[in-house]
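Q: I'm new to this one. Can you walk me through it?

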Amino acid sequence: MNFSFRGGYGFYGSPYKNDGTNGEKSTYSLGFGYREANYYFDLAWVRTKTHDDYYLYGYNGVMVNPATLKNEMTRLLFTFGLKF
């Protein structure tokens, strides 16, 4: 069979030692491919979500509220290749 389908999930935990869920990233993907003897192509959809809290320096031991950033990115990727 020359067709292929795939799906995936990736989870990257917080890079900070004692900061719970801050900095976590999740990635979801779906893909479809077709292969012949001399060429192939692949189409993939990838969705990435991240959450980060950034803290400014406090003053006299008083912490300020964090700047919260939530990013979501969706990509559609296409690959075409030739074998020679």
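What follows is a short chat about strands, contacts, surface and side-chain pairs.

Q: What kind of model is this, and how are residues numbered?
A: This is a predicted model: local features need pLDDT of at least 70, side-chain atom pairs count only at pLDDT 80 or more, and totals for chains, interfaces and linings use all residues. Residues are numbered from 1 along each chain as its sequence is written, and side-chain values use heavy atoms, with hydrogens and water left out.

Q: Strands, then. How many bridges join β1 to β2?
A: There are 10 bridges between strand β1 (residues 3-12) and strand β2 (residues 25-35). The two run antiparallel. Strands here are DSSP runs of E with at least two residues, numbered from the N terminus. Two strands pair if DSSP finds at least two bridges between them.

Q: Which residue in β2 stands opposite Gly8?
A: Ser29.

Q: And how many bridges join β2 to β3?
A: 11, and those two strands also run antiparallel. Phe32 has Leu43 in β3 as its bridge partner.

Q: How many residues sit between β2 and β3?
A: Three, and the two strands form a hairpin.

Q: Switching topic. Where is Thr48?
A: In strand β3, which covers residues 39-54.

Q: Buried or exposed?
A: Thr48 counts as buried, because its relative accessibility is 10%. Buried means under 20% relative accessible area, exposed means over 50%, and partly exposed is in between (1.4 Å probe, protein chains only).

Q: What is Thr48 in contact with?
A: Leaving aside neighbours within four places in sequence, Thr48 is in contact with Lys25, Ser26, Thr27, Asn71, Glu72, Met73 and Arg75. Contact means heavy atoms within 4.5 Å.

Q: Now Leu82. Where does it lie?
A: Leu82 lies in strand β4, residues 67-82. Leu82 counts as exposed, because its relative accessibility is 57%.

Q: Which residues is Leu82 in contact with?
A: Asn38, Tyr39 and Tyr40, leaving aside neighbours within four places in sequence.

Q: How far apart are Leu82 and Thr48?
A: They are 34 residues apart in sequence and 29 Å apart in space, C-alpha to C-alpha.

Q: What about the surface? Which residues make the nonpolar patch?
A: Tyr9, Phe11, Tyr28, Leu30, Tyr39, Leu43, Trp45, Leu76, Phe78, Phe80, Leu82 and Phe84 make a nonpolar surface patch of about 1400 Å². Patches are made of residues with over 30% relative accessible area and no salt bridge; like charges are joined within 9 Å, and nonpolar side chains (Val, Leu, Ile, Met, Phe, Trp, Tyr) within 5 Å. Areas come from the Shrake-Rupley method with a 1.4 Å probe, and for residues only the protein chains shown count as cover.

Q: Which strand gives the largest share of the patch?
A: β4, with four residues. β1, β2, β3 and β4 each supply at least two.

Q: How many aromatic pairs does the structure hold?
A: Nine. One of them is Phe3 with Tyr34: the ring centres are 4.9 Å apart and the planes at 55 degrees, so the pair is tilted. Phe3 in strand β1 and Tyr34 in strand β2 are 31 residues apart, so this pair links distant parts of the chain. Rings of Phe, Tyr and Trp (its six-membered ring) pair if their centres lie within 6.5 Å; planes under 30 degrees apart count as stacked, over 60 as edge-to-face and the rest as tilted.

Q: Phe3 and Tyr34: buried or exposed?
A: Phe3 counts as partly exposed at 42% relative accessibility. Tyr34 counts as buried at 17%.

Q: Which residues do ring pairs link into a cluster?
A: Phe3, Phe5, Phe32, Tyr34, Tyr39, Phe41, Phe78 and Phe80.

Q: Last topic: how many salt bridges?
A: The count comes to two. A salt bridge is a side-chain nitrogen of Lys or Arg within 4 Å of a carboxyl oxygen of Asp or Glu. Side chains of opposite charge can pair when their charged atoms come close.

Q: Which side chain meets Arg6?
A: Asp42, at 2.9 Å, N to O. This pair links distant parts of the chain: Arg6 is in strand β1 and Asp42 in strand β3, 36 residues apart. Arg6 counts as partly exposed at 41% relative accessibility, while Asp42 counts as buried at 18%.

Q: And which one meets Glu72?
A: Arg47, at 2.3 Å, N to O. Glu72 is in strand β4 and Arg47 in strand β3, 25 residues apart. Glu72 counts as exposed at 51% relative accessibility, and Arg47 as partly exposed at 22%.
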